[in-house]
Amino acid sequence: MNAIECKDICKRYGGFALEDVSFVLPQGCVLGLVGENGAGKSTLIRMMLGACRADSGSVNVLGSEASGGADFARVKQDIGVVLDEACLPEELNAAQIGRTMKGVYARWDQQAYEGYVERFALPRNKLVKDYSRGMKMKLALAAAMSHRAKLLVLDEATGGLDPIVRDEILDLFNEFTRDETHSILLSSHIVSDLEKICDYIVFLHEGRVLMAEEKDALDEKYAVLTLLEEDAAALDPACVLRTMRSRGVVHLLIRRDRLPVGMPAGRTSIEDIMLLLTKGEALQ
């Protein structure tokens, strides 16, 4: 079973539109959803949580249509959510948050919650409103991971955290997905985090999917070259997907299977591929 299936999603409002968005998150995997502000990531996440509906297409989460019906209400017990704002009651402390969540989730695991609070070194009796942003995000993660969820939906959950804490959180996500029934959708602007943990990458740009690939396949499929103008001009245009000029050199996105014989190409980062896909020009 796929944890998430998005098929041919279209959604229009104001001057923005999601157009024919399709991708899947297989069970037991981590998918990174990446794109600039306003690309449509948060709208997609709201659809996955049943907070809004597509104009056309379908969103299926944990085997149920994300329509807000009775069946999906049961499925939501299996989804742990952390949005870019922690959305926790500001006048409660960590201990009170735990007691509150026990009344919300049928499978709330108080022992697991206490373990995360201790692991994150969160003060139990300090009000949430007095927490730093990083502490609020860690408390939200503790709550999201303490009701035996099968799917975590995380929108900028590592935002505002320092690199050491982010690395600790990524280790936690790796632990979570050791259970093959557990899956994670992680929306983030921090591409280096996605490269460390994700099995799949979906790149959303201006409401369209520009790339939906297995992460490990990206480096096998694409290469980025930086050449002098005269060397770039000598390449067969048929092998070049995108070009971008900068300070007398040309950056080129090329499929590795089209690289000229003998031309070396190092490892290609996801960020380099994204930059050329969005800002590069297609050869005429």
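A quick convention before we start: two strands pair if DSSP finds at least two bridges between them. Helices (H or I, at least four residues) and strands (E, at least two) are DSSP runs, numbered from the N terminus. What you're looking at is a predicted model, in which local features need pLDDT of at least 70, side-chain atom pairs count only at pLDDT 80 or more, and totals for chains, interfaces and linings use all residues. Residues are numbered from 1 along each chain as its sequence is written, and side-chain values use heavy atoms, leaving out hydrogens and water.

Let's begin with strand β3, residues 30-34. Leu 31 sits opposite Leu 185 of β8, and that pairing with β8 (residues 183-187) is parallel, with four bridges. β3 also pairs with β9 (residues 200-205), again in the parallel sense and over four bridges; here Val 34 has Phe 203 as its bridge partner. Five of the five residues in β3 are buried, meaning under 20% relative accessible area, where exposed is over 50% and partly exposed is in between (1.4 Å probe, protein chains only). In a regular strand the side chains alternate between the two faces of the sheet. In β3, Val 30, Gly 32 and Val 34 point one way, Leu 31 and Leu 33 point the other way, and all are buried.

Now for the open sheet, whose four strands run in the order β2-β1-β4-β5 with antiparallel pairing. Its edges are β2 (16-26) and β5 (64-65), each pairing on one side only. Helix α1 (residues 41-48) packs on this sheet and touches β1, β2 and β4 (56-61), a contact being heavy atoms within 4.5 Å. The direction of α1 makes about 120 degrees with that of β1; axes are lines fitted to C-alpha atoms, for helices over the stretch in contact, and angles run from 0 to 180 degrees between N-to-C directions.

β1 (residues 2-13) is joined to β2 by eight bridges, and Arg 12 stands opposite Ala 17 in β2. Also in β1 is Glu 5, which counts as partly exposed because its relative accessibility is 34%. Leaving aside residues up to four places away in sequence, Glu 5 touches Phe 23, Val 24, Ser 58, Val 59 and Asn 60.

And the whole chain? Its secondary structure comes to ten helices and 13 strands, and 48% of its 284 residues count as buried.
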